[in-house]
Amino acid sequence: NLKCKKFNTMKDIETREDIILIIRNFYDRLLKDQSINFFFTQATHVDQHLEEHFETLATFWEQGLFLKGGYSNNMFQIHKDIHDKHPFTHEHFEIWLDHFYTSITESFEGNKADQMKTMALNMATVMKIKFA
């Protein structure tokens with residue numbers, strides 16, 4: 001008598017709400033991490049307007065993942081301005097990526113999840129090169 005075991009497969013990223021879930025989990029990790037939270041609590045004070053920041057980030061990722069448009073900020077310049085005052089190290093990028101990947105993989109899997117991780121890696125790599 002064989003029993004069928006149901007495998008609980010995770011869904012792929014499909015909506016803005018999925019992106020915001022990832023971003024909330026990501027920032028929860030970042031703000032708790034003593035090795036990187038300085039950038040969000042002191043260098044930028046992003047922690048004081050998280051909901052607004054989450055909406056901006058969701059628009060950025062929607063544009064990248066779903067080609068929706070709407071993001072008009074210069075993401076690289078924003079981070080360059082922070083780097084010029086408080087330099088990002090190789091370790092900061094690695095910590096950022098680790099928290100980002102974890103925030104995606106704990107809830108999602110599939111093409112869009114993989115695409116989001118690849119986009120994050122590409123951005124981190126370009127920033128490391130540009131800021132060096």
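Select Glu 62: its relative accessibility is 9%, so it counts as buried (under 20% relative accessible area, with a 1.4 Å probe and protein chains only; over 50% would be exposed, and in between partly exposed). This is a predicted model, where local features need pLDDT of at least 70 and side-chain atom pairs pLDDT 80 or more, while totals for chains, interfaces and linings use all residues. Residues are numbered from 1 along each chain as its sequence is written, and side-chain values use heavy atoms, without hydrogens and water.

Next, show Arg 16. Its side chain makes a polar contact with that of Glu 62, at 2.6 Å (a pair of N or O atoms within 3.5 Å, one able to donate a hydrogen and the other to accept it; residues adjacent in sequence count only if both atoms are side-chain atoms).

Now select residues 50-66, which are helix 3 (a DSSP run of H or I, at least four residues, numbered from the N terminus). Glu 62 lies in helix 3. The buried residues of this helix include Leu 50, His 53, Phe 54 and Trp 61. Among what covers them are helix 1 (16-32) and helix 6 (111-131). Step just past the helix to Leu 67, which has a positive phi of about 55°.

Last, colour His 53, Leu 57, Tyr 27, Phe 40 and His 79. Of the 29 residues lining the largest pocket, these are the closest to its centre (lining residues have an atom within 4 Å of a pocket point). Helix 3 gives the most to this lining, 6 residues.

Note on methods:
Helix = DSSP H or I, 4+ residues; strand = E, 2+ residues; numbered from the N terminus. Expected span 1.5 Å × (residues − 1). Contact = heavy atoms within 4.5 Å. 1 Å grid on protein atoms, 1.4 Å probe; cavity = no way out; pocket = protein on both sides within 12 Å on 5 of 7 lines; lining within 4 Å.
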